[in-house]
There are 2 protein chains.
Amino acid sequence: MDYNAKQIQIIEVAERLFAQKGFSGTSVRDIAQEADINVSMISYYFGSKEKLIEALFKIRTVESRSRIETIISNDDLTPIQKVYILIDSVIERLMGNQCFHNIMMREQLSSERTPIISDHIMNLKMKNTELMQTLITGGQDAGVFRKNIDFSLMTTTLYGTINQAIATQHFYRKINHLEDLSEEEFQNLMKRKLSQHLKNLFKLTVSNEHQNQH
Amino acid sequence: MDYNAKQIQIIEVAERLFAQKGFSGTSVRDIAQEADINVSMISYYFGSKEKLIEALFKIRTVESRSRIETIISNDDLTPIQKVYILIDSVIERLMGNQCFHNIMMREQLSSERTPIISDHIMNLKMKNTELMQTLITGGQDAGVFRKNIDFSLMTTTLYGTINQAIATQHFYRKINHLEDLSEEEFQNLMKRKLSQHLKNLFKLTVSNEHQNQH
DNA sequence: GTAAAAATCAAACGATCGTTTGATTTTTAT
DNA sequence: ATAAAAATCAAACGATCGTTTGATTTTTAC
């Protein structure tokens, strides 16, 4: 269940290559070369290429969600503040693990995939939707959120917008003339823009009050 | 530039399989078997597997955008009505060509892809963004839209939400207990829900007026 | 220090990949 | 009817795929 340094090195290289070229488009020899190991080490450590991507999903989906959940359950925060925290945490998570979420999006698009990975994704989505529902019904009970909110589609918009932004970031960078920014500066700018945009979207959509934008 | 019936048949089978299993995950023998042709016909007609997917992109990206553009330029419509028409047309286009847009999303996620396809995608995105910008600046000039709108991120939300909804439609169907609907009924329901959701999102975001939801 | 265990390697395995060949059949055009 | 063109086919091509083998080196443990 836990992996040694060499195994983690292989997984991280595989993660990057799978994100770049897809699972089928990446050969074990590609991985071996980039990770500077012998090809047979992949079978030796993981059993197969398929088991390797499963190991990647195991590692990446254990990430502690509890931190966010404790913040969310804090009674000192207003419902809209909690939604804002959720938005920022999702932005941070997706933007901070672009390779892995690139792979996960690909797996979502595949109709035929190993059940183990489908279960991982289904599990994650379940938790995401539950969290969103908890937050929104909490705001509704407090009387500050509208009653007729499709939290399922709000979750879709939250994840869809961020995923789309990541997938088309080169395009976004070009049409907004941001080529002279460093990669890090651009990533931070995207986070800020997305945060502002999504918070505004949610505020106007879920809140009962009609405040002016920004 | 134009293809005969047999070629189109091959392209359509390839489209379905590429969407299901990805480009690298689909072999030319898979395509030949499903299309009930000899393997060599693919090279014979298209030159290579790579040229086949390029042919698919050529066919699918010639679709007449002019119809929408003429509607949009109609002066009898208010700016928000035009935005609504754009939203519905994007929903119809993406939902009605799920296989192709599945492939296109995959291509967007790949950093290494043939320039021909990247150019097709870049071209499409350019036009989409320009259309959105035209609409929004039109509404701003008419004084009914807010001044500080990030039309680039609004486009991202529009396409991102629909793409995410399509990618996770099985999940959406499950958690909303819609398994007893027929496939066609479910697709129509999704279109309606998405239309309502996105129009509401845009109305609240771009419009100067603060009307109640729905 | 030594034996067992783990790690590493080059090489080879059979399978499948995309593509080409060359013969054969079918269609087209006069 | 006949010759040219197009379409179709089984077979084979070399390359690459994921995986295994078996020998060798390195590490571990007492």
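Biologist: What should I know before reading the numbers?
Modeller: Residues are numbered from 1 along each chain as its sequence is written, and chains are lettered from A in the order in which they are written. The model is predicted, so local features need pLDDT of at least 70 and side-chain atom pairs count only at pLDDT 80 or more, while totals for chains, interfaces and linings use all residues; side-chain values use heavy atoms, with hydrogens and water left out.

Biologist: Which residues of chain A lose the most?
Modeller: Leu109(A), Leu153(A) and Phe171(A), which together make up 15% of what that side buries.

Biologist: How many polar contacts are there?
Modeller: Twelve residue pairs, both at pLDDT 80 or more. A polar contact is a pair of N or O atoms within 3.5 Å; within protein, one must be able to donate a hydrogen and the other to accept it, and residues adjacent in sequence count only if both atoms are side-chain atoms.

Biologist: New topic. What rotation superposes chain A on chain B?
Modeller: One of 180 degrees, with 0.0 Å of shift along its axis and RMSD 0.0 Å. That is the relation of a two-fold axis. The superposition is by least squares on the C-alpha atoms of residues with pLDDT of at least 70 in both copies.

Biologist: Which residue of chain A comes closest to that axis?
Modeller: Gly160(A), at 2.1 Å (C-alpha).

Technical notes
Buried area is the accessible area (1.4 Å probe) that two parts lose on being put together, summed over both.
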